[in-house]
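Visitor: I would like a quick tour of this model. Please keep it brisk.

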Amino acid sequence: MMACGRVIAVAALMMAAMGSMAAEFSVVGDAAPQALAGPGDAARGRALVAARESANCVLCHAVPGVRFAGDLGPPLAGVASRLSPGQLRLRVADIARVNPASAMPSYYRTDGLDRVAPTYAGQPILTAQEVEDVVAYLGTLQ
Ligand code: HEC
């Protein structure tokens with residue numbers, strides 16, 4: 001029992017460490033200028049943005065080339081001419097730091113979230129690499 005308890009405690013610690021790692025990135029003004037992972041892949045980012053079962057950006061944003069989309073958020077066409085890569089990154093990673101009242105989910109945050117399904121507790125919706133992929137795709141929307 002003791003050993004078992006210790007294993008669980010270690011696992012919990014590791015998960016806590018991973019959770020706080022996921023949530024940590026530097027914010028300068030309204031931007032996150034540093035990449036969270038290696039260079040993003042715009043094609044993978046485009047697939048993520050359009051995927052209805054995961055990121056589901058099209059639930060709220062019109063995206064060029066996607067037929068059915070919601071309009072709760074602004075259309076993403078031309079977003080790269082309005083926002084720098086760092087500004088895009090912060091909005092994808094944790095828009096609550098730009099607008100605490102935003103309806104948009106914080107895709108790269110694990111703390112302070114409510115209504116999280118148990119399967120996703122302690123995990124960001126997008127991985128660091130996926131955030132970079134999405135930012136790379138948004139960067140093509142001049
Ligand atoms: C539940 C609705 C919702 C979802 C899902 C959503 N967003 Fe948003 N998003 C918004 C709203 C609303 C805004 C307007 C800004 C605000 O709320 O402060 C916004 C703003 C943005 C902005 C800033 C646009 C600008 O012109 O200032 C970007 C970039 C963005 N979203 C990208 C994404 C991406 C990429 C995804 C998917 C990974 C996504 N959003 C998913 C609702 C959503």
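Visitor: How many nonpolar, polar and charged residues are in the shell around the ligand?
Guide: This is a predicted model. There are 25 residues around the ligand. By class, the shell has 18 nonpolar, 5 polar and 2 charged residues.

Visitor: Which residues come nearest to the ligand?
Guide: The shell around the ligand draws two or more residues from each of α3 (79-82), α4 and α5. The nearest of the 25 residues are Cys 57, Cys 60, Gly 73, Asn 99 and Ser 102.

Visitor: How are α4 and α5 oriented to each other?
Guide: Helix α4 covers residues 85-94, and helix α5 covers residues 128-138. Their axes are 9 Å apart, at an angle of about 130 degrees. Angles over 145 degrees would count as roughly antiparallel. The two helices α4 and α5 are therefore oblique.

Visitor: What is the handedness of the crossing of α4 and α5?
Guide: In α4, the contact uses Pro 85, Leu 88, Arg 89, Val 92 and Ala 93. In α5, they meet Val 131, Val 134, Val 135 and Leu 138. By class, this contact has 8 nonpolar residues, no polar ones and 1 charged. The crossing is right-handed.

Visitor: How is α2 oriented to α5?
Guide: Helix α2 (residues 42-50) packs on α5 with the axes 7 Å apart. The angle is about 95 degrees. The range from 65 to 115 degrees counts as roughly perpendicular, so α2 is to α5 roughly perpendicular.

Visitor: How many charged residues are in the contact of α2 with α5?
Guide: From α2 come Ala 42, Arg 44, Gly 45, Arg 46, Leu 48 and Val 49. From α5 come Glu 130, Asp 133, Val 134, Ala 136 and Tyr 137. The contact has 6 nonpolar residues and 1 polar. The charged residues number 4.

Methods
Residues numbered from 1 in each chain as written. Predicted model: local features only at pLDDT ≥ 70, side-chain atom pairs only at ≥ 80, totals over all residues. Axes fitted to C-alpha atoms, helices over the stretch in contact; angles between N-to-C directions. Helix = DSSP H or I, 4+ residues; strand = E, 2+ residues; numbered from the N terminus. Parallel < 35°, antiparallel > 145°, perpendicular 65-115°, else oblique. Left-handed = near helix turned anticlockwise from the far one by under 90°. Contact = placed C-beta atoms within 7 Å. Nonpolar A, V, L, I, M, F, W, Y, C, P; charged D, E, K, R; others polar. Near = placed C-beta within 6 Å.
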